[in-house]
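I opened a new notebook page for this structure. The entries below follow the order in which I looked things up.

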Amino acid sequence: MRRAGRWVVGVCTAALAVGLSGCASSSDKDAAATTAPAGLERYYSQQLDWKGCKGQPEFSSGSKKADAFSGLDDLECAWLTVPLDYADPSGETIRLAVARSTAKHSRGSVVFNPGGPGGSGVETVSMIVDGAGDSLVDSLDVVGFDPRGVGRSAPVDCLDDADLDAYLASDVDPSTEVGLEQARTQLDEFVAGCAELTGPVLAHVDTVSAARDMDVLRAALREPTLTYLGISYCTKLGATYAQLFPDRVGRMVLDGAVDPTLTPHEETVVQAAGFESALRAYVEDCLTDEKTCPLSGSVDEAMAQVADVVDQARAHPMHTAVGTRVTGVDRTVTGATALSGIIAALYSEETWTLLSQALDMAMVDQDGTLLAAMADVYASRCDGFSCPVEDGYYGNIQEAIVAISCADAPRDDADPQVLAERAQEIVAAAPTLGRFFAEGVAEGLDSCEDWPTVVGPLPSYAAEGAAPIVVIGTTNDPATPYVWAQDLAAMLDSGVLVTNKGEGHGGYVDGTRCLQTAVDDYLVDGKVPEDGLTCSD
């Protein structure tokens, strides 16, 4: 799960689809796999035309920039056709980008998407191959796809690079009359840009439609059931699929789970507390080494020093060692950029050392170079420092996260008193970081206020009749706090809770032997882990 650029929160995971052929003949398997709902036969019967990714010009670049990290050289790619609107399957269609890495001893397909919402599954297939368990990679083809509105799949677009830079770096203060007017103008321009540049797709990027797309993908892969590994937001995507198609759920694992029933405010309260807890864990660890830690004093005093870095950047934007050709001037690091860099570093314990270096540079020299680099990675942005290609955005996650979150989230017209109470609740849940998460709440700022289509959550996520669904929660996950995994496992009729004791977002990729073994044993061999299993770092 990622915090969106401005005034909206979203989340995302990965998806794994594993098919079991059993003893059926190939023709029987194909018939079972491609059985389609009425009116969707032509989509369910399509075959994927796999070709080398690098040999296809349309796969050689993402939605905005040339590939930065994709490593497509050894992968095959194909296009999946789906209806723009499932209520009108004979109408306009869109294409979804799909990529795969084939296993040495393939026993089926494992479909992956990295999360966001807005992360590109095509760009991250190689990452999963490198970070997954050996058993899974040896036995299952790893298949990644860009969900509708993301990457190469009819992408959402709202602002050009220079305007997106300005939007994400903005430090307007919505608690003032002038700042509130500026913030509302920014939101209006963002939403208007989404409508103008994206077109009809904008009304159809909801998670329910994406889950229906996954069933078309399952059929195109000729798998009678979908066994899925979802990470972060895509646990919501997986839970939605399970509720819509419980009889087609195969072996499903949801890692870094989201509670799909929460309102946007409820999500924000819990997520703010999650990042507060992760920051406290970092600070406690940092203070144990006086030589490398730029912070000092008690844990609470050191927490305040981190917040002061953001406040100082707001008052006096920091210089960086790297300019940009997007705007034609040297970049400075605002408070918004500094906060984004700090938040990004809390996703993994492995980046705590970088966070210490970034804070030291900012506090001693007012140098925001490393904070900017971490914020850029978080925003899918290159500047010539954080990745080796032309500066600018190589993905559209900062726009897609808003569009998908708004399409999913029910809106309510809260009165000023309720809004003020909500802001106070966020600050109470996260005394250090909460005020940043609460900005604009009391003033009613909402990116989604005039969104064209809102689907909202499903009435239930019990997925009655589905095969066992393994839900993984990491105890100090900042982006998808552990309580959400507990909640999701409880609401699923066949939920099995696995606890990963440790820090960071998600547990399976590059995880402990205990956790990877439990997941691989289920996805590859069907061995369901014990409900309540706990794995430690």
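I call a residue buried under 20% relative accessible area, exposed over 50%, and partly exposed in between, with a 1.4 Å probe and protein chains only. The model is predicted, so I take local features only at pLDDT of at least 70 and side-chain atom pairs only at pLDDT 80 or more, while totals for chains, interfaces and linings use all residues. Residues are numbered from 1 along each chain as its sequence is written, and side-chain values use heavy atoms, without hydrogens and water.

Entry 1, disulfides. I count a pair of cysteine sulfur atoms within 2.5 Å as a disulfide. My search of the whole structure gave 5 of them.

Cys-286 and Cys-293 are joined, with 2.0 Å between their sulfur atoms. The S-S torsion of Cys-286 and Cys-293 is about 110°, so this disulfide is right-handed. Cys-286 is buried at 4% relative accessibility, and Cys-293 is buried at 9%.

Cys-158 and Cys-194 have their sulfur atoms 1.9 Å apart and form a disulfide. I take helices (H or I, at least four residues) and strands (E, at least two) as DSSP runs, numbered from the N terminus. Cys-158 sits in the loop between strand 5 and helix 5, and Cys-194 in helix 6, so the link ties parts 36 residues apart in sequence.

Cys-514 and Cys-535 are also linked, S to S 1.9 Å. Cys-514 belongs to helix 18 and Cys-535 to strand 14, so this pair ties parts 21 residues apart in sequence. The torsion here is -65°, and the link of Cys-514 and Cys-535 is left-handed. Cys-514 is partly exposed at 32%, whereas Cys-535 is buried at 0%.

Entry 2, strand 7. Which way do the residues of strand 7 point? Met-252 and Leu-254 point one way, Val-253 and Asp-255 the other, and all are buried. In a regular strand, side chains alternate between the two faces of the sheet.

I let two strands pair if DSSP finds at least two bridges between them. Strand 7 pairs with strand 6 in the parallel sense over 3 bridges, and Leu-229 stands opposite Val-253. Strand 12 runs parallel to strand 7 and is joined to it by 4 bridges; there, Ile-469 is the bridge partner of Met-252.
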